[in-house]
Amino acid sequence: MLDGNGVSRPVVAVESSCDETAAAVLAPDGTILAETVLSQSAHARYGGVVPEIAARAHLAHLPGLMAEVMGRAGLGYAGLGGVAASSGPGLIGGLIVGSSFAKGIALAHDLPFVAVNHLEAHALTPRLPGLVEGGAPFPYLLLLLSGGHCQCVAVEALGHYVRLGTTIDDAVGEAFDKVAKMLGLGWPGGPALERLANGGDAGRFAFPRPLRGRPGCDFSFSGLKTAVAQVVAAYPSGPLPGRDAADIAASFQHAVAEVMADRAAHALAAFSQRNPEGRLLVVAGGVAANQAVRAALQRVAASRGFGFAAPPLRLCGDNAVMVAWAGLERLRAGATSPLDHAPRPRWPLDAPDMALAWGAGMAR
Ligand code: KG4
Ligand code: ZN
């Protein structure tokens with residue numbers, strides 16, 4: 001469990017905040033011993049996540065997934081050093097299922113429990129061993145781009161996050177999903193839209209670049225989304241001609257990438273004012289899997305003398321490896337949670353209870 005140097009046994013974690021049911025076991029040094037992610041397919045026919053179906057599916061799948069990762073890691077529960085679970089923000093039904101399941105293991109085997117903020121788990125992903133040379137020391141600038149969030153965050157220390165900008169309307173993944181729906185693609189739409197865009201002409205449609213050049217580093221996507229809807233509405237009803245759909249997808253994706261680059265440039269300037277020693281730009285969340293977005297951000301980072309890090313594709317979307325890693329970092333800092341910790345549908349990164357006790361976790 002906990003010894004003088006922190007955690008000396010593996011940590012197991014559960015992710016259940018949305019429609020991915022996931023479990024993972026990490027060694028004390030962060031090496032992945034076993035991991036699994038089940039993307040629930042039952043939502044596709046509804047064109048979006050149905051919270052009640054998600055919660056029931058987590059309940060049905062978690063015991064099997066947990067047994068699977070523990071088996072692959074070659075461990076019994078008594079050999080663990082702690083149990084972590086995504087405890088917000090997210091869909092409350094799934095959060096209750098996953099955190100209660102994890103607490104049950106902690107209680108039965110007398111293990112420390114860590115209630116992990118899902119956004120913190122995304123934020124700390126680049127610190128997983130082997131992802132960034134030198135281990136992504138604090139501080140760094142994070143662009144958190146997912147289906148529910150779109151934020152620029154100064155990651156200054158464990159538990160210390162400063163939100164520099166956020167979206168004033170849709171999250172970027174939501175915009176991808178809605179445009180994908182207009183183009184008749186399946187759900188979730190981001191990956192399908194990217195595949196379609198790969199064969200399209202990104203210069204054909206001059207879509208707007210919302211907030212480009214404006215001060216600050218907030219985002220907006222509703223105007224861009226409306227512009228795409230207007231182009232699509234001009235076609236007769238029924239499926240769009242394939243060429244046109246690909247060109248719309250490519251033009252939309254290009255607009256998003258350019259907006260991201262502009263917003264990231266502003267965010268880097270704001271970040272440097274606060275943290276002149278920080279030299280790393282990190283992108284995380286489902287949309288971090290998008291190659292056009294990654295490439296645009298990498299260019300901005302390089303042009304400003306910053307390093308750039310993005311998780312491997314399988315760790316961009318929701319997974320339990322990132323939850324286990326955040327759990328490990330918190331365990332090392334002595335920041336465990338009581339078993340009556342209540343999961344929270346809303347839990348911003350800068351909430352007062354994210355900060356650690358003074359001095360804990362400040363090591364860079
Ligand atoms: O982080 P994530 O798995 O879940 C949330 O916490 O929201 O992000 C899911 C979002 C969805 O909106 C999905 O369409 C988007 O990430 N996404 C992508 C790509 N892969 C996933 N968007 C654009 N391009 C992709 N390749
Ligand atoms: Zn997420």
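Which residues coordinate the zinc ion (ligand 2)? H118 (NE2), H122 (NE2) and D318 (OD) do, at 2.1 to 2.2 Å.

## Basis

This is a predicted model, where local features need pLDDT of at least 70, side-chain atom pairs count only at pLDDT 80 or more, and totals for chains, interfaces and linings use all residues. Residues are numbered from 1 along each chain as its sequence is written, chains are lettered from A and ligands numbered from 1 in the order written, and side-chain values use heavy atoms, without hydrogens and water.

## Zinc site

Donors are N, O and S atoms within 2.8 Å of the metal (3.2 Å for Na, K and Ca); water is not among the atoms, so sites may look incomplete. Along the chain, the donors of the zinc ion follow the spacing H-x3-H-x195-D. H118 and H122 both sit in helix α3, four residues apart, or about one turn of the helix. Helices (H or I, at least four residues) and strands (E, at least two) are DSSP runs, numbered from the N terminus.

The arrangement is irregular because the four donor atoms subtend angles of 90 to 149°. Four donors count as tetrahedral if all angles lie between 85 and 135 degrees; four count as square planar and six as octahedral if opposite donors are over 155 degrees apart and all others between 65 and 115; anything else is irregular.

## Ligand 1

The shell around ligand 1 holds 18 residues, with G147, D177, G190, E194 and G286 the closest. A residue belongs if one of its heavy atoms lies within 4 Å. By class, four are nonpolar, eleven polar and three charged. Here Gly counts as polar, and Asp, Glu, Lys and Arg as charged; Ala, Val, Leu, Ile, Met, Phe, Trp, Tyr, Cys and Pro are nonpolar, and the others polar.

Helices α3 (118-124), α4 (172-182) and α5 (189-197) each supply at least two shell residues. Domain 1 (2-124 + 318-354) and domain 2 (138-310) each give at least three. These bounds come from an automatic or database domain assignment.

Backbone N or O atoms of G190 and G286 each lie 3.0 Å from an oxygen atom of ligand 1. The protein covers 86% of the 560 Å² of accessible area that ligand 1 has on its own (Shrake-Rupley method, 1.4 Å probe).

## Backbone exceptions

Most residues other than glycine have a negative phi, and most peptide bonds are trans. D110 is not a glycine, yet has a positive phi of about 55°. D110 is in the loop between α2 (92-109) and β7 (113-116).

The F138 to P139 peptide bond is cis, with omega near -5°. P139 lies in the loop between α3 and β8 (140-145). The bond from W187 to P188 is cis, with omega near -5°. P188 is in the loop between α4 and α5.

Conventions. Polar contact = N/O pair within 3.5 Å; in protein donor to acceptor, adjacent residues only side chain to side chain.
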